[in-house]
Each structure stands twice: as C-alpha cells, then as structure tokens.
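The entries follow the order in which I looked things up.

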Amino acid sequence: QVQLVESGGGLVQAGGSLRLSCAASGRTFFSRNNMGWFRQAPGKEREFVAAINWSGVTIYYADSVKGRFTLSRDNAKNTVDLQMNNLKPEDTAVYYCAADIATIRPVASRKANDYDYWGQGTQVTVSS
C-alpha cells in the first residue's frame, strides 16, 4: 500500500506565498513514478494544477498557475513540493497530491484518472 501525505496548507492574503509538500511512503519505487497536484474548490470539479515526470525533467502546469507555481521533486527524500507565489483568492481549494504508479509513462499525465494514489488533501485559503 502507498501513502501520500500533504502538508503546508494554510491561510494567506492575496499576493502571499505557500509551499506545499507531499511525502510518499509504502511499497513504491518513488523515483520512477510520475507525480501530480490537483485541487478542488467547493462546488467545483477537481482540476489539474501541475505534474512532474519521474526524472523531474518534464513539468506541466495549468494555464491558471503558470508563472506563479513551481513544482519540484526530491527522489532521495520521496517528496514533491509545490511552491505557490502571488496567490489569488481563486486559488482557494483543497490541494491533493497524486501518484501514477500502475502505468509507466514517459511524461506525467494531466488527467486525474491516470493517477492511482491520492493524499488526504491540504486546505489552501487565500483572502482578498
């Protein structure tokens, strides 16, 4: 079984920053797994935020966060981080870390259905 635990959420004012972390544990070869971040606001569907392939070379971002968010991974520590700068009220959501373990892909997927394991989520609230 694979466990993913997010941390780093909180309450910030618009224009502020947060750094989210996701720690993976359990039976997984983390260094070969693509990882992603998704978010879900009340009343809305879960949406793609960012994804990184197993090597960290290829990274995708949603258009809404390009230039503001930065995704990175540390395979030695089994962690992926999402640095969020210039936060906006519309960024308010529960943020989920996800791992694509069952399928080997050369680049990370932007589709939630391609991910096999999910963390419990961490709340990010941005006040105006």
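The entries below go from the whole chain to the core, then to one strand and its partners, and end with selected loop residues.

**Entry 1: the whole chain**

I note at the outset that this is a predicted model. I looked up the secondary structure and found 0 helices and 11 strands in the protein chain. Read from the N terminus, the elements run β-β-β-β-β-β-β-β-β-β-β.

I then checked the overall dimensions. The C-alpha trace spans about 40 × 30 × 25 Å along its principal axes. For 128 residues, a compact globule would have a radius of gyration near 14 Å, and the protein chain has 14 Å, so the value agrees with that expectation.

I also took the surface and contact totals. Buried residues make up 43% of the 128 residues. Of the contacts with a separation of 6 or more, 60% are between residues 24 or more positions apart.

**Entry 2: the nonpolar core**

Which residues have the most contacts inside the largest nonpolar core? I found Met35, Trp37, Leu82, Met84 and Tyr95, in a core of 35 residues. The strands that each supply at least two residues of this core include S1 (2-7), S3 (18-26), S4 (34-40) and S5 (47-52). Also in that list are S7 (69-74), S8 (79-84), S9 (93-100) and S11 (122-127).

Is S9 largely enclosed or largely open? I counted 8 of its 8 residues as buried, so S9 is largely enclosed by the rest of the structure.

I went through the pairings of S9 next.

- S4 and S9 pair in the antiparallel sense over 7 bridges. In this pairing I noted Gln40, which stands opposite Val94 in S9.
- S9 and S11 run antiparallel and are joined by 3 bridges. Tyr95, listed above for its contacts in the core, stands opposite Thr122 in S11.
- S9 and S10 (residues 117-118) also pair in the antiparallel sense, over 2 bridges. Here the bridge partner of Ala98 is Trp118 in S10.

**Entry 3: Ser109**

I moved to the loop between S9 and S10, where Ser109 lies. Its relative accessibility is 9%, and since buried means under 20%, Ser109 counts as buried.

What does the side chain of Ser109 meet in the way of polar atoms? One of its polar atoms lies 3.0 Å from the backbone nitrogen of Lys111. A polar contact of 2.6 Å joins the side chain of Ser109 to that of Asp114. Not counting residues up to four places away in sequence, Ser109 touches Phe48, Ala51, Asp114 and Tyr115.

**Entry 4: Ala14**

I looked up Ala14 in the loop between S2 (10-13) and S3. At 44% relative accessibility, Ala14 counts as partly exposed. Leaving aside neighbours within four places in sequence, I found Ala14 in contact with Leu87, Pro89, Val126 and Ser127. I also took the distance from Ala14 to Ala99, which is 85 residues away along the chain: their C-alpha atoms are separated by 29 Å.

Most residues other than glycine have a negative phi.

I placed Asn78 in the loop between S7 and S8. Its relative accessible area is 29%, which makes Asn78 partly exposed.

I placed Asn86 in the loop between S8 and S9. Asn86 is also partly exposed, with a relative accessible area of 42%.

Methods. Residues are numbered from 1 along each chain as its sequence is written. This is a predicted model: local features need pLDDT of at least 70, side-chain atom pairs count only at pLDDT 80 or more; totals for chains, interfaces and linings use all residues. Side-chain values use heavy atoms; hydrogens and water are left out. A nonpolar core is a set of buried Ala, Val, Leu, Ile, Met, Phe, Trp, Tyr and Cys residues joined through side-chain atoms within 4.5 Å. Buried means under 20% relative accessible area, exposed over 50%, partly exposed in between (1.4 Å probe, protein chains only). Helices (H or I, at least four residues) and strands (E, at least two) are DSSP runs, numbered from the N terminus. Two strands pair if DSSP finds at least two bridges between them. A polar contact is a pair of N or O atoms within 3.5 Å; within protein, one must be able to donate a hydrogen and the other to accept it, and residues adjacent in sequence count only if both atoms are side-chain atoms. Contact means heavy atoms within 4.5 Å. The radius of gyration is taken over C-alpha atoms; the globule rule is 2.2 Å times the number of residues to the power 0.38.
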